[in-house]
Amino acid sequence: MRLSLFPPCPLWLNTKIIYHRGHKGKPKRGDEEKQPLNPAKSRELVFRRAGKLLAAKPRSVAELRERLLQGRGATKANVDEVIARLREYGYLDDAKFAQSYASLRVRERPIGRRRLERDLWLKKVDKQAAEVALDEVFAATPEDELIDRAIAKRIRLRGKPKSREDAKKLFDYLIRQGFAFELVSDKVRALAKSDVDEG
């Protein structure tokens with residue numbers, strides 16, 4: 001008598017039929033995503049997603065629009081409607097976002113205007129709102145003061161530049177932090193001159 005690892009065919013077929021009958025009528029996982037949404041449900045999903053995204057962190061209008069358009073059920077019309085509603089409620093405002101983002105970044109660490117301008121651009125902040133915010137932030141804390149803080153911090157961590165190569169590294173670091181070329185040149189030159197005077 002031959003032993004088979006598999007049950008006889010009719011039983012196997014019967015269990016398969018029972019299995020399929022048991023799950024008939026229930027939507028399979030992922031099927032709900034394929035069904036079209038009605039406009040009201042779609043708008044509700046976009047609004048809920050906007051709330052979650054804004055709760056996670058503040059965003060610019062363009063940044064939020066981009067993220068919402070990637071979501072399920074999102075159309076340009078309902079995303080625009082949700083954004084208009086959020087602006088109306090005061091949850092979305094590029095001018096306020098740019099101002100708070102820029103002032104927070106300057107408080108966290110000393111960075112220059114160019115770096116901050118680039119960061120706001122990456123956050124898709126309206127150019128005019130970004131310019132106003134940058135003017136306000138750098139009027140309150142001048143770039144000259146910020147570069148002095150950046151140099152002091154760098155010297156605390158790495159020591160004063162002892163060679164031309166060290167001075168170049170400091171120069172490159174300050175440029176990466178977004179300070180203006182002329183300002184960096186003046187500060188690094190003054191630092192090198194003070195070392196010569198001390199020596």
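Hi everyone. By buried I mean a residue with under 20% relative accessible area. Keep that cut-off in mind, please, since I'll come back to it with one residue. What you see above is a predicted model, and buried residues make up 32% of the 199 residues in its chain.

Let's start with the overall fold. Among contacts with a separation of 6 or more, 62% are between residues 24 or more positions apart.

Now, the residue I promised: glutamine 177. You'll find glutamine 177 in the loop between helix 10 (164–176) and helix 11 (181–198). Is glutamine 177 buried or exposed? Its relative accessible area is 6%, so glutamine 177 counts as buried. Leaving aside residues up to four places away in sequence, glutamine 177 touches Arg109, Pro110, Ile111, Gly112 and Arg115. With arginine 115 there is also a polar contact between the side chains, at 3.4 Å.

Let's stay with those two helices and turn to the largest pocket. Its volume is about 270 Å³, and the elements that give two or more residues to its lining are helix 10 and helix 11. The lining has 11 residues, with Ser163, Arg164, Ala167, Val188 and Ala192 nearest the centre of the pocket. By type, the lining residues of this pocket are six nonpolar, one polar and four charged.

Definitions and conventions
Residues are numbered from 1 along each chain as its sequence is written. This is a predicted model: local features need pLDDT of at least 70, side-chain atom pairs count only at pLDDT 80 or more; totals for chains, interfaces and linings use all residues. Side-chain values use heavy atoms; hydrogens and water are left out. Helices (H or I, at least four residues) and strands (E, at least two) are DSSP runs, numbered from the N terminus. Buried means under 20% relative accessible area, exposed over 50%, partly exposed in between (1.4 Å probe, protein chains only). A polar contact is a pair of N or O atoms within 3.5 Å; within protein, one must be able to donate a hydrogen and the other to accept it, and residues adjacent in sequence count only if both atoms are side-chain atoms. Contact means heavy atoms within 4.5 Å. On a 1 Å grid over the protein atoms alone, a cavity is a set of points where a 1.4 Å probe fits but cannot get out, and a pocket is an open set with protein on both sides within 12 Å along at least five of seven lines; lining residues have an atom within 4 Å of a point. Grid points are joined across faces, edges and corners, and a volume is the space filled by probe spheres set on the points. Ala, Val, Leu, Ile, Met, Phe, Trp, Tyr, Cys and Pro count as nonpolar, Asp, Glu, Lys and Arg as charged, and the others, Gly among them, as polar.
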